[in-house]
Every structure is written in C-alpha cells, then in structure tokens.
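Trainee: Could you take me closely through one part of this model, starting from the sulfur bridge and going on to the packing of the helices? I would like the cut-offs spelled out as you go.

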Amino acid sequence: MGEYSDSPTSAMKINREKATTTEVAQLLALQQDYLTPCRKIAVESAGKVDPSIVTILADSYAGADANYARVISHEITWGEFVTENQALVTQRRAALLAAGEALARALGKPSPQTTAARWQAEAALSHWLRRQQILLQSRPHARLIQCHYDGPVLSCAPFGDDGSPKN
C-alpha cells in the first residue's frame with residue numbers, strides 16, 4: 001500500500017512475517033474507510049470514459065481484494081503480499097495504458113457497438129463485488145460498492161449485506 005505499492009523494497013519483499021491481529025484490523029479498516037470510497041470514485045469516473053476502463057479497474061480491484069484476503073487469513077506473508085500487490089499495480093497500469101492508446105486511436109472514428117464492452121464491465125464489477133464480500137465478511141456493517149450500467153451510464157452505490165442498497 002502507499003508509496004511503495006509499485007516498487008516495494010527488497011526488505012519488504014523478503015518479509016516472512018504474517019499479519020498480526022492488530023494489522024488485520026487495521027487493514028480491514030483501511031479497506032473499508034479509504035480504499036473502497038476511492039475505488040468507487042475511480043470506477044464511476046472510468047464509467048464516463050469507456051467500459052473497457054471499468055473492466056480493467058474492477059478486475060484489478062478484485063485481484064487486490066483477493067490478495068488482501070490471503071494476507072488477512074494468514075495464507076501468505078507480508079513479503080508475498082507486497083510482491084503480488086506490485087504485480088497487480090504493474091498489470092493495471094499496463095492495461096490502462098493499452099486501453100488509453102486504443103481509445104486515442106479510435107478518436108474520431110465511428111465507435112463499434114459498446115453493449116458487449118458494457119456486459120464485460122458488468123461481469124467484472126460483479127466479480128469485484130463478490131471479492132469485497134469475501135474480504136469484508138467479518139465486518140458486520142461493511143460498506144461494499146455495487147456498480148451497474150443503466151444504458152451508457154455507470155452508477156455505483158453502497159451495498160448492504162442483505163442485498164439492498166445502503167443509504
């Protein structure tokens with residue numbers, strides 16, 4: 001996380017320790033209180049650009065949430081966590097760069113049917129929601145983010161454990 005997410009130090013990569021109970025609580029709080037609201041803003045903003053960007057972000061966030069779940073459940077060490085996180089950040093940046101280049105090439109040309117791209121984005125968003133649910137299942141009042149398209153417009157809202165929107 002933070003300034004070393006894309007370039008962890010060697011010491012961080014070889015750290016064989018696993019998350020403590022306190023660190024798990026801190027990670028879950030950071031996830032819910034900071035990462036989730038930022039991700040909501042990023043996905044909503046991407047929805048104004050192109051569904052391919054939404055797909056990239058949602059897929060990346062699902063992968064990151066799976067990585068968080070693995071460190072929180074003590075399946076992996078901190079070193080494994082930061083190494084995987086670095087790979088996810090690198091993959092996301094590369095995918096966003098490629099998508100940006102493709103969008104720039106397509107400027108001014110007739111746009112192809114975007115329905116399939118929206119379906120792909122919806123599937124990625126649904127996968128991300130499932131990953132959020134798995135990651136935050138131990139938090140009774142977790143604020144999950146659910147996004148969906150209404151035609152060309154992407155909307156995101158907090159989502160409750162019972163399947164209902166949260167206010």
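What is the torsion about the S-S bond of Cys147 and Cys156, and is the disulfide right-handed or left-handed?

Mentor: The torsion about the S-S bond of Cys147 and Cys156 is about 110°, so the disulfide is right-handed. Please keep in mind that this is a predicted model, in which local features need pLDDT of at least 70 and side-chain atom pairs count only at pLDDT 80 or more, while totals for chains, interfaces and linings use all residues. Residues are numbered from 1 along each chain as its sequence is written, and side-chain values use heavy atoms, with hydrogens and water left out.

The bridge between Cys147 and Cys156 has an S to S distance of 2.1 Å, and the count comes to one disulfide (a pair of cysteine sulfur atoms within 2.5 Å). Cys147 is buried at 7% relative accessible area and Cys156 is buried at 11%, where buried means under 20%, exposed over 50% and partly exposed in between, with a 1.4 Å probe and protein chains only. Cys38, by contrast, is exposed, at 51%.

Now to the helices, which are DSSP runs of H or I with at least four residues, numbered from the N terminus. The axes of α3 (residues 51–72) and α4 (residues 78–106) come within 10 Å and cross at roughly 180°; such axes are lines fitted to C-alpha atoms over the stretch in contact, with angles from 0 to 180 degrees between N-to-C directions. Helices α3 and α4 are therefore roughly antiparallel (over 145 degrees; under 35 is roughly parallel, 65 to 115 roughly perpendicular, and the rest oblique). Among the residues of α3 that meet α4 are Ile53, Ile56, Leu57, Tyr61 and Tyr68, and the α4 residues in this contact include Trp78, Phe81, Leu88 and Arg92, contact being heavy atoms within 4.5 Å. By class, the contact has 14 nonpolar, five polar and two charged residues, with Ala, Val, Leu, Ile, Met, Phe, Trp, Tyr, Cys and Pro taken as nonpolar, Asp, Glu, Lys and Arg as charged, and the others, Gly among them, as polar.

Some of these residues also take part in aromatic pairs, of which the count is three; rings of Phe, Tyr and Trp (its six-membered ring) pair if their centres lie within 6.5 Å, and planes under 30 degrees apart are stacked, over 60 edge-to-face and the rest tilted. The rings of Tyr61 and Trp128 have centres 5.3 Å apart and planes at 55°, so this pair is tilted. Tyr61 lies in α3 and Trp128 in α5 (residues 115–135), so the pair ties together parts 67 residues apart in sequence. Both partners are buried, Tyr61 at 9% and Trp128 at 1%. The rings of Trp78 and Phe81, with centres 5.7 Å apart and planes at 90°, form an edge-to-face pair; both residues lie in α4, three residues apart, about one turn of the helix. Trp78 is buried at 15% and Phe81 at 2%, and ring pairs link Tyr68, Trp78 and Phe81 into a cluster.

Trp128 comes up again at Ala58, a residue of α3 that is buried at 0% relative accessibility: leaving aside neighbours within four places in sequence, Ala58 is in contact with Ala124, Leu125 and Trp128.

Notes:
Helices (H or I, at least four residues) and strands (E, at least two) are DSSP runs, numbered from the N terminus.
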